[in-house]
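Me: Please take a close look at the place where the two chains meet. I am new to this structure and would welcome one connected account.

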Amino acid sequence: MSDLAPIQPSPDAVLSCTGVRRSFPVGDRRLAILHGINLELCAGERLALMGTSGAGKTTLLNILGLLDRPTEGSVTVAGMDAWALSARRRANLRNEKIGFVFQFYHLLPELSALENAVLPAMIKLSRGAYRSGRSAFMDRATDMLTRFGLADRLGHRPSQLSGGEQQRIAIARALLLDPPILIADEPTGNLDRATGERVLEILLDEQSERGVALMLVTHDERLAKRCERVLYMEDGLIQADSSAPMPT
Amino acid sequence: MFRTFLSLRYLRARKTNWIGMAGILVAVGALVLILSIMAGFLEESRRTLRGNLADLVIQPSFQSSVLQENGDWIPMQTDVERMLEIIREDPGVAAATPQLQWYGIFAPDGGETALEKPMQDAIQLIELVGIDVEGEGEATDFRESLETEYGKKPGLGKFCNVGRPASVEDPFRNLTERRDVVRSRTRPKVPILVGEQLAYLWGLRRGQEVSLVTATYDEGSSQLNETAANARFQVVGSFRSKDNETDSRRIYIDRRALADFLQRDRLWSAVLVKLNDYKRDKDAVRARLWSKLHAEGFLSAPGIRTNEFRTWEDFRAMLLAAIQNEKALMGIMLSLVLVVAGFTVFALLSMMVTEKRRDIGILCALGATPRGVLALFLMIGLWEAVIGSAFGALVGVLGAYNIDAIERKLSSTFGFQIFNRDIYLFDYIPAEVSFSGVAWIVSGAVFSTLLFAAIPAWRASRLDPVEALRHE
Ligand SMILES: Nc1ncnc2c1ncn2[C@@H]1O[C@H](COP(=O)(O)OP(=O)(O)O)[C@@H](O)[C@H]1O
Ligand SMILES: [Mg+2]
């Protein structure tokens, strides 16, 4: 069982959690979903998280992404115990260290593709700093979107774009501030196979090029094979770990 | 940064926000407009209340001696020329004039008094005011009260066709040149100017003779004389001041003629003073004049705020306070409109927070702090408040400046008189825009909106991002 003594995170871990439990109040009882998870994500590592639906993958990802607080246990991001920090510092960690790609893209409908992609920079910077850094970020986002084949879609609203296009914008958004960690929860789960493959190529290319640590939830065995490490989750526990990292 | 950007974007993209803004616009506009008109009416009423009161009225209570500060008693002075000299020396004083006031009863037809032919509203004391015509013209708006009737404004004839009251080409000359002009073969007739209402009530016409009856005051014995003085007067004109009361009971007579009629030695009972700048100087001038006049024995009371020395506001203190109070009450009641506008914003923002749950979750995931989310929604409220109230203030001010034209236009379009100019003393809709008032209204609107926006904004900042992102 993996819920024994918390382990010390290894020094090159960019993201780790120890003894993470999560339960939800359901009626007057608490429903335990995660039963003590220890996990480490090393810099540049590509990790796949698999498991049946309802196993608790999304719950774990939300905790690792600092969106949700574990009922027990701790999460360490870039060497900092995230829940010991102030809400503001934690928000900054989310902003600078973690990129999210969601199953349902989650773009802001009122913003154009380009604006969605530079949103993290707007959140990060104060008004003055943004004004001076604006064009640099705009260029960066434009470059990325162009590379993703969206050069003629920059001014479009999400509602005018296909799912694949929206997900590519979401990837650009997640990578804008060059975070060391990328968290993707079934990024192709909502796309048809061909489109999904195209999006995945982009995601994996960018990941290896930038050396971002990627934590990816997927149901696709073939995709999992392309990852250095695969974790299998069941009933709130990590049951199997394709442990020994593949030689690089 | 994202707060400003996103709040403006949401504001523009979501048309429901325009409703909130329009609500604030209407509320602020209406408030500015109504309060301006209210202020106009009140200012106009204040003017009416002032009527023809002089800035300062000095009315000594004549006694034999006056107690000085140092404990000495000195004889009371009654030399009005000396008193006027002292008053006119003061740099804040523009003019000063003596008056002699007494009371009488009208007996228009050949000497009969009203008492012999009682009619309900006829048995009324008439204020006999003895004036120096020139001085009166300088120190009060006596001159104006003559001019309005013969000049710009329509007289009473507009209301009743009984016939215009007595009119006169030059009341100044007629009143002063009495000895040459009006002396009749039999008895000398004293010319009088009659208040317009009074003239109408008695059906007086120019040139008509009337009798006045009064009891005189015997200064020696401090007793009212039982024998009535009775003399013939001739109406040479009428006047209309801004005060109805005055117009319905006052008669102007030459001061010396009145003293003759009353058979008394002292030719005055009060001195009216006009100041260069009433608002600025009233207290200073009053203090200076009081100490000088008291020192010389013209005033007997040991302090300023007495019946001896009054500003026109002292005469109308209660009514003026009522006006002030009305203004305040009106403001308080109308500011409820701002609460309603704030409530609209509250409802719209609450709706928006509910609809935008997912966006809020996304912003959190991208690193927005709860405080940032709070600020984002507060800012939406702020824009609505600022833009809405700015335009509202503009609309209100423009409306207030043009209310008369607007009313005329509306009245002629709809075919009925919205503002009945006949029933007011003024024939336009008065409006006074106070810019500090507008500033107060605008800041009140912004404050109230922010207060109301704070509730949904706070709710947004407390949203659980996981919960917000869970469902598509
Ligand atoms: N807020 C919540 N309240 C109650 N139950 C929850 C809550 N969030 C998740 N769950 C439950 O936790 C389990 C794991 O969900 P999830 O992490 O989404 O699974 P996965 O992503 O692996 O399919 C599910 O049974 C789900 O119903
Ligand atoms: Mg899931």
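Reply: The interface of chain A and chain B

Lys356(B) and Glu110(A) join their side chains in a salt bridge, with 2.6 Å from N to O; the term requires a side-chain nitrogen of Lys or Arg within 4 Å of a carboxyl oxygen of Asp or Glu. By this rule, three salt bridges are found across the interface of chain A and chain B.

The model is predicted, and local features therefore need pLDDT of at least 70, side-chain atom pairs count only at pLDDT 80 or more, totals for chains, interfaces and linings use all residues, and side-chain values use heavy atoms, with hydrogens and water left out. Residues are numbered from 1 along each chain as its sequence is written, while chains are lettered from A and ligands numbered from 1 in the order in which they are written.

Chain A brings 28 residues to the contact and chain B brings 26 residues, where contact means heavy atoms within 4.5 Å. About 2,500 Å² is buried between chain A and chain B, and carbon and sulfur atoms give 66% of this area. Of the area that chain A buries against chain B, 25% is supplied by His106(A), Glu110(A) and Ile123(A), more than by any other three residues. Buried area is the accessible area (1.4 Å probe) lost by two parts on being put together, summed over both.

His106(A) is placed in the loop between strand 6 (98–101) and helix 3 of chain A. Its phi is positive, about 55°, although His106(A) is not a glycine. Most residues other than glycine have a negative phi. His106(A) is buried, at a relative accessible area of 2%; buried means under 20%, exposed over 50%, and partly exposed in between (1.4 Å probe, protein chains only).

Between chain A and chain B, eight residue pairs are in polar contact, both residues at pLDDT 80 or more. On the side of chain A that touches chain B, the elements giving two or more residues are helix 2 (87–97), helix 3 (113–124) and helix 4 (127–147) of chain A. Helix 3 of chain A gives the largest share of that side, five residues. By type, the residues of the side of chain A that touches chain B are 15 nonpolar, five polar and eight charged.

Helices (H or I, at least four residues) and strands (E, at least two) are DSSP runs, numbered from the N terminus. Ala, Val, Leu, Ile, Met, Phe, Trp, Tyr, Cys and Pro count as nonpolar, Asp, Glu, Lys and Arg as charged, and the others, Gly among them, as polar.

Terms used. Polar contact = N/O pair within 3.5 Å; in protein donor to acceptor, adjacent residues only side chain to side chain.
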